[in-house]
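Please read them alongside the coordinates.

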Amino acid sequence: SHLRMFGWKERSYRDLPWKVGEIAKLIRYEKISELEGLHRAREFTQDTTTIVCAREQIEKELDALLSHMVLFASDLGFDDFEIHYRVPATITKAQKIDHPFLSTILRTLSRKQSITIVEEMSDKKISEPEIVLTVKDSLKQRRRWSKIQVLFTLPLEQQITYIGSDGENHVPVVIRTTLSGSLE
């Protein structure tokens, strides 16, 4: 729905980064065998933010998001956290350019913010790279907390464009994030 909102009118490079967020209830049909207390539920409330930006704005946006992610976890007393940059197991031809570009940005931000970001191949079927913050719960088990997805191909699939300073149509990058994961 956020991308539809972006596409309601023609956008210019001056409109970027374009940001929208919401807190909404999500309902998913999870198999009964996959349910696990509040960690994996059929219904939960999630904060979601979507940022539509130009490629050259990615570093600034990720810098702010990573800072907020770390600060939020620390404020809630989760000092033992890990940040993982998860790469799709299968990289498409288009992603061969995007993956090194994003890896370089994350290495720069890792040094700038003095945090460790572990790069790994995803064990799940994901199609786009994601940055995941995990924390230890009261049972000392690692749980996913915050997530940032950097979506390079979704704007192409949704035919989302903006008018660049050159007067031509350009495809933006979409950054989707959930800071708290689930409010429950």
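1. This is a predicted model. The buried residues of helix H2 are Ile 58, Glu 61, Leu 62, Asp 63, Leu 65, Leu 66, Met 69, Val 70 and Ala 73. In an α-helix, residues three or four places apart point the same way, because there are 3.6 residues a turn.

2. Just after the helix, Gly 77 has a positive phi of about 90°.

3. The largest nonpolar core has 26 residues, and within this core Leu 62 and Ile 148 touch the most other members. Two or more residues each come from strands E2, E3, E5, E6 and E9 and from helices H2 and H3. H2 gives the largest share, seven residues.

4. What does Ile 148 touch, beyond residues up to four places away in sequence? Its contacts include Leu 62, Leu 65, Leu 66 and Met 69, and these four are among the buried residues of H2. Pro 129, Glu 130, Ile 131, Ile 175, Arg 176 and Thr 177 are also touched by Ile 148.

5. A second core of twelve residues is separate, with Phe 6, Ile 160, Tyr 162 and Val 174 among its members.

6. Ser 146 lies in strand E6. Its relative accessibility is 1%, so Ser 146 counts as buried. The Ser 146 side chain reaches the backbone oxygen of Leu 179 at 2.3 Å. Leaving aside neighbours within four places in sequence, Ser 146 is in contact with residues including Met 69, Ile 131, Val 132, Leu 133 and Thr 178.

7. There are five salt bridges in the structure. One of them joins Asp 63 and Lys 112, with the closest N and O atoms 2.4 Å apart. Because Asp 63 is in H2 and Lys 112 in H3, this pair ties together parts 49 residues apart in sequence. Asp 63 is buried at 15% relative accessibility, whereas Lys 112 is exposed at 58%.

8. Lys 136 and Asp 80 form a salt bridge at 3.6 Å, N to O. Lys 136 is in strand E5 and Asp 80 in the loop between H2 and E3, so parts 56 residues apart in sequence are tied together. Both partners count as partly exposed, Lys 136 at 33% and Asp 80 at 40%.

9. Lys 147 and Glu 130 meet in a salt bridge at 3.8 Å, N to O. Lys 147 is partly exposed, with a relative accessible area of 23%, while Glu 130 is buried at 2%. Shared partners join Arg 86, Glu 130 and Lys 147 into one salt-bridge network.

Terms used. Residues are numbered from 1 along each chain as its sequence is written. This is a predicted model: local features need pLDDT of at least 70, side-chain atom pairs count only at pLDDT 80 or more; totals for chains, interfaces and linings use all residues. Side-chain values use heavy atoms; hydrogens and water are left out. Buried means under 20% relative accessible area, exposed over 50%, partly exposed in between (1.4 Å probe, protein chains only). A nonpolar core is a set of buried Ala, Val, Leu, Ile, Met, Phe, Trp, Tyr and Cys residues joined through side-chain atoms within 4.5 Å. Contact means heavy atoms within 4.5 Å. A polar contact is a pair of N or O atoms within 3.5 Å; within protein, one must be able to donate a hydrogen and the other to accept it, and residues adjacent in sequence count only if both atoms are side-chain atoms. A salt bridge is a side-chain nitrogen of Lys or Arg within 4 Å of a carboxyl oxygen of Asp or Glu.
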